[in-house]
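The sequence and model are shown first.

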Amino acid sequence: MKNKIYLCLLTLFSLCIGVIFLSGCSPSESVVQTAIAETDAAKPTFTPSPTSPPPTNTPSPTPIPPPTSTPDLVGSNLLSRYGWTISSQISSHTVTLPKNFQHYPGDFPYAIYWAYNNEFNKDIGLDLAPYLGQTVQASLYLLNEPLPEEFRQSVKANAVVIEFENKIIGAWIDQGRHSGFACSLDRKNFAELVNQDWSDWLVSAGVVDLSNEFERELSTKTPEEIIELYYTAMNDGDYQLLYSVLSRRNLARRLFINKDDLVLFNHQEDEVITRWVDNLENVRLLSIQDIPGRCLPLYQARAQFDFVDPFLSTISEGERLGFVVLSEEIEGQGWRIEEVNTAPGVSDYLCPP
């Protein structure tokens with residue numbers, strides 16, 4: 001009997017709860033909205049990390065989170081006109097273009113980045129020149145289509161689209177990490193477009209000013225003196241001197257080596273650029289020896305290296321050999337360093353076939 005009474009009471013209690021629920025005793029709408037608002041307020045918001053002081057010609061881009069829904073991506077119509085379709089947006093950046101395309105000796109190669117890619121840009125009827133010095137929006141997209149056959153060592157193709165006041169002023173194809181420069185939207189490479197070799201283009205495009213006083217001073221240096229300046233600059237942590245004795249071709253590679261996939265290019269203050277030199281306690285050049293019989297000047301440099309943190313270095317402390325390859329990148333402008341290797345190789349792509 002007691003069990004029957006208990007079951008009846010339990011059933012009656014359940015029916016009462018159901019009636020209460022159906023009659024509107026659920027949480028009020030205002031309470032729900034308040035809870036949602038509090039939840040949204042607790043969500044983390046994107047805050048761009050502070051950047052270092054801007055370099056000479058271009059400040060570091062500030063990344064903007066890509067949109068969650070992208071039905072009308074900037075430049076998608078322009079890209080599709082040339083047979084490219086967007087797989088996804090990688091990132092977006094606010095960038096200030098350099099005031100001009102000239103690369104001053106000792107500067108990080110920002111100006112070279114924009115001058116070089118503007119050749120691809122002009123191939124499709126656009127030009128960055130009227131917008132130099134302006135702040136623009138740069139969007140980076142991963143594309144569905146691969147790079148042309150000549151770039152197949154880097155299969156993935158990225159598109160860079162530059163916008164100023166809601167108007168597209170630039171677009172080109174990028175091969176990302178390590179190499180960067182690729183081709184125009186019309187799949188034409190740099191050599192096809194400029195019909196010049198690298199050295200002649202540097203001068204004709206105004207990237208190098210032959211009348212620059214420091215350029216002229218460097219042009220008087222022997223290969224041995226350039227090597228001495230290189231090791232002196234490393235010892236002093238003097239990046240301006242260090243960059244001035246490197247070829248522009250060598251410098252341009254620093255824009256992309258070990259580049260983060262989200263950025264357009266490396267920046268002067270990035271750890272991937274500064275870590276090795278900043279970790280040097282001191283460097284002392286001990287000897288320089290010419291190695292004959294090469295298509296480019298090659299020297300063996302023996303130096304003593306001491307590091308702040310030996311575990312961060314790619315070479316061990318103590319006496320080390322460096323094999324320094326030089327080239328006269330621009331005729332009459334003297335020698336610059338193309339590569340410093342741990343073995344006596346040379347830059348085969350710079351030697352006549």
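E119 and K122 form a salt bridge in which the closest N and O atoms are 3.4 Å apart; the term denotes a side-chain nitrogen of Lys or Arg within 4 Å of a carboxyl oxygen of Asp or Glu. The two residues are three positions apart in helix α4, so about one helical turn separates them. Helices (H or I, at least four residues) and strands (E, at least two) are DSSP runs, numbered from the N terminus. E119 counts as buried, at 14% relative accessibility, whereas K122 counts as partly exposed at 42%. Here buried means under 20% relative accessible area, exposed over 50%, and partly exposed in between (1.4 Å probe, protein chains only).

The model is predicted: local features need pLDDT of at least 70, side-chain atom pairs count only at pLDDT 80 or more, and totals for chains, interfaces and linings use all residues. Residues are numbered from 1 along each chain as its sequence is written, and side-chain values use heavy atoms, with hydrogens and water left out.

## Other salt bridges

A search of the whole structure finds seven salt bridges. One of them joins the side chains of E215 and R336, with an N to O distance of 3.2 Å. This pair links distant parts of the chain, since E215 belongs to helix α7 (residues 213-218) and R336 to strand β10 (residues 336-341), 121 residues apart. Both E215 and R336 are buried.

In a further salt bridge, between E319 and R302, the closest N and O atoms are 3.7 Å apart. E319 lies in strand β9 (residues 318-327) and R302 in strand β8, so the pair ties together parts that are 17 residues apart in sequence. E319 is partly exposed at 48% relative accessibility, and R302 is also partly exposed, with a relative accessible area of 30%.

## Nonpolar cores

A nonpolar core is a set of buried Ala, Val, Leu, Ile, Met, Phe, Trp, Tyr and Cys residues joined through side-chain atoms within 4.5 Å. The largest one has 63 residues, of which Y113, W114, I162, W201, Y231 and F305 touch the most other members. Helix α4 (residues 110-122) provides the largest share of this core, seven residues. A second, separate core of 19 residues includes L79, A157, I173 and C183.

W201 also touches E119, the salt-bridge partner of K122. Apart from residues up to four places away in sequence, the residues in contact with W201 (heavy atoms within 4.5 Å) are A115, Y116, E119, F190, V194, Q196 and V207.

## Strands β7 and β8

Strand β7 (residues 280-291) runs antiparallel to strand β8 (residues 298-307), and 10 bridges join them; two strands pair if DSSP finds at least two bridges between them. Q289 has Q300 in β8 as its bridge partner. Six residues lie between the strands of this hairpin, in which G293 takes a positive phi near 80 degrees.

## The chain as a whole

The chain contains 11 helices and 10 strands. Of its 353 residues, 43% count as buried. Among contacts with a separation of 6 or more, 64% are between residues 24 or more positions apart. The chain exposes about 18,900 Å², of which carbon and sulfur atoms supply 53%; the areas come from the Shrake-Rupley method with a 1.4 Å probe, and for residues only the protein chains shown count as cover.
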